[in-house]
Amino acid sequence: MSEHSAHQNSLQGMAIMSGAMLILPTMDAIAKYMATFEAMSPGQVTFYRFFFQLACTLPFLFAFFGRKALSAKRPWMNLLRGVLHGAASLLFFVAVKYMPLADVFAIYFVEPFMLTAMSALFLGDKVGWRRWMAIVVGFGGAMIVIQPSYEIFGLKALLPVACAFLFALYLFLNRAIGEADSPLTMQTMSGIGGAVFMAAALVVGSGSGSADFAISLPSSILGLVLLLILGSISGYAHLLVVRAFRLAPLSLLAPFQYFEIISATVLGYAVFNDFPSFSKWIGIFIIVASGLFIIWRERLQARSLKSS
């Protein structure tokens, strides 16, 4: 692949990643809604997320691949992706039950640091100082959004941090697995791993009497519809993420995860009446600017290579 083609792929990867990151916080808003208004435990919501993800992706998988649909070349690594994703989702959904969406995301945004370090150390991705600066600036914007308080730095604040580490491992495996399996196969196997993990977690958690693992069915038609939407977004938005990581390096795409704060803030206000302050809007602007700077740099390099 020529250097110009590589830059074009990077631009496509960044565009796909940006779209996925703007869509994904809808899942977290649904999880918070289910916990707040439908009295459903985060553990149960997480299980339904992966269960309905499977229900949405399996028909397409069998339609495209037939009997070989689940014959993944790296099944155990894909199942491990599902377990990591399930555990990360559980921690995040528990966090959003108790905290505002924007605050949880802001703490969670230590994840691009972890992902960039993993890609540089283990995959040999080249990380220049401008990209590091974009990540640092974006993280600074996230900190402006959260406006840390004593309550945020309590034990609840550790949940998004632990989620960030697990999700960084999940994304790292997306790139490490490479193109051994199709994105649809990867997502379906991940759904199986996540659903099995969460079924076990529900049994253990509910048996211990934890309210965050209480087993229940949807209490309304709206709740059922929202869970179906949750599973659909989980399946197809993460297909976009897998596709993005096949087109561009982890370290390049990491800052675009900051875009999640935009839709998280909008949904927090629209659904839960959590209106951002002026300083939070400044933070959101900084987050967006850091991602746009990287896009501009990549476009500039692609044009220079095309003209040379």
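The following legends describe close-up views of a predicted model.

**View 1. Helix H6 and its buried face.** Helix H6 covers residues 111-122, twelve residues in total. From the first C-alpha to the last, H6 reaches 16 Å, close to the 16 Å expected at 1.5 Å a residue. Glu111, Pro112, Leu115, Thr116, Met118 and Ser119 are the buried residues of H6. Viewed down the axis of H6, these buried residues fall within an arc of 160 degrees, so they line one face of the helix. An α-helix has 3.6 residues a turn, so residues three or four places apart point the same way. The cover over the buried residues of H6 includes helix H5 (101-108), helix H7 (129-146), helix H8 (158-177), helix H10 (221-247) and helix H11 (250-253). Glycine 124, which follows H6, has a positive phi, near 75 degrees.

**View 2. The packing of helices H4 and H5.** Helix H4 (residues 75-98) packs with H5 at an angle of about 140 degrees, and their axes lie 8 Å apart. Angles over 145 degrees would count as roughly antiparallel; H4 and H5 are therefore oblique to each other. The crossing of these two helices, H4 and H5, is right-handed. On the H4 side, Phe92, Ala95 and Val96 take part in the contact. These residues meet Leu101, Val104, Phe105 and Tyr108 in H5.

**View 3. Helix H8 and its surroundings.** With 20 residues, H8 reaches 29 Å between its first and last C-alpha atoms, close to the 28 Å expected at 1.5 Å a residue. The buried residues of H8 are Pro160, Cys163, Ala164, Leu166, Phe167, Ala168, Tyr170, Leu171, Phe172, Leu173, Asn174 and Ile177. Their cover includes H4, H5, H6, helix H9 (183-207), H10 and H11.

**View 4. Phenylalanine 165 in helix H8.** Phenylalanine 165 is located in helix H8. Its relative accessibility is 42%, and phenylalanine 165 therefore counts as partly exposed. When neighbours within four places in sequence are left aside, phenylalanine 165 is in contact with Met114 and Met118. Isoleucine 221 is 56 residues from phenylalanine 165 in sequence, and the two C-alpha atoms are 35 Å apart in space.

**View 5. Helix H2 alongside helix H12.** The axes of helix H2 (residues 25-37) and helix H12 (residues 260-272) come within 9 Å and cross at roughly 30 degrees. Because angles under 35 degrees count as roughly parallel, H2 and H12 are assigned to that class. H2 passes H12 in a right-handed crossing. From H2, the residues in contact are Pro25, Thr26, Ala29, Lys32, Tyr33, Thr36 and Phe37. Their partners in H12 are Glu260, Ser263, Ala264, Leu267, Val271 and Phe272. The 13 residues of H2 should span 18 Å at 1.5 Å a residue, and the end C-alpha atoms of H2 are 18 Å apart, which agrees. Buried in H2 are Pro25, Met27, Asp28, Ala29, Ile30, Ala31, Lys32, Met34 and Ala35. Among the H2 residues that meet H12 are Pro25, Ala29 and Lys32, and these three also belong to the buried set of H2.

View 6. Most residues other than glycine have a negative phi. Alanine 39 is found in the loop between H2 and helix H3 (42-65). With a relative accessible area of 69%, alanine 39 is exposed. For asparagine 273, phi is near 60 degrees, a positive value in a residue other than glycine. Asparagine 273 is placed in the loop between H12 and helix H13 (278-307). At 62% relative accessibility, asparagine 273 counts as exposed.

**View 7. Histidine 7 in helix H1.** Histidine 7 lies in helix H1, which comprises residues 3-23. Histidine 7 counts as buried because its relative accessibility is 9%, and the cut-off for burial is under 20%. Leucine 247 is 240 residues from histidine 7 along the chain, and their C-alpha atoms are separated by 9.3 Å.

How values were computed
Residues numbered from 1 in each chain as written. Predicted model: local features only at pLDDT ≥ 70, side-chain atom pairs only at ≥ 80, totals over all residues. Heavy atoms only, no water. Helix = DSSP H or I, 4+ residues; strand = E, 2+ residues; numbered from the N terminus. Expected span 1.5 Å × (residues − 1). Buried < 20%, exposed > 50% of the residue type's maximum accessible area, 1.4 Å probe, protein only. Arc of directions from axis to C-beta. Contact = heavy atoms within 4.5 Å. Axes fitted to C-alpha atoms, helices over the stretch in contact; angles between N-to-C directions. Parallel < 35°, antiparallel > 145°, perpendicular 65-115°, else oblique. Left-handed = near helix turned anticlockwise from the far one by under 90°.
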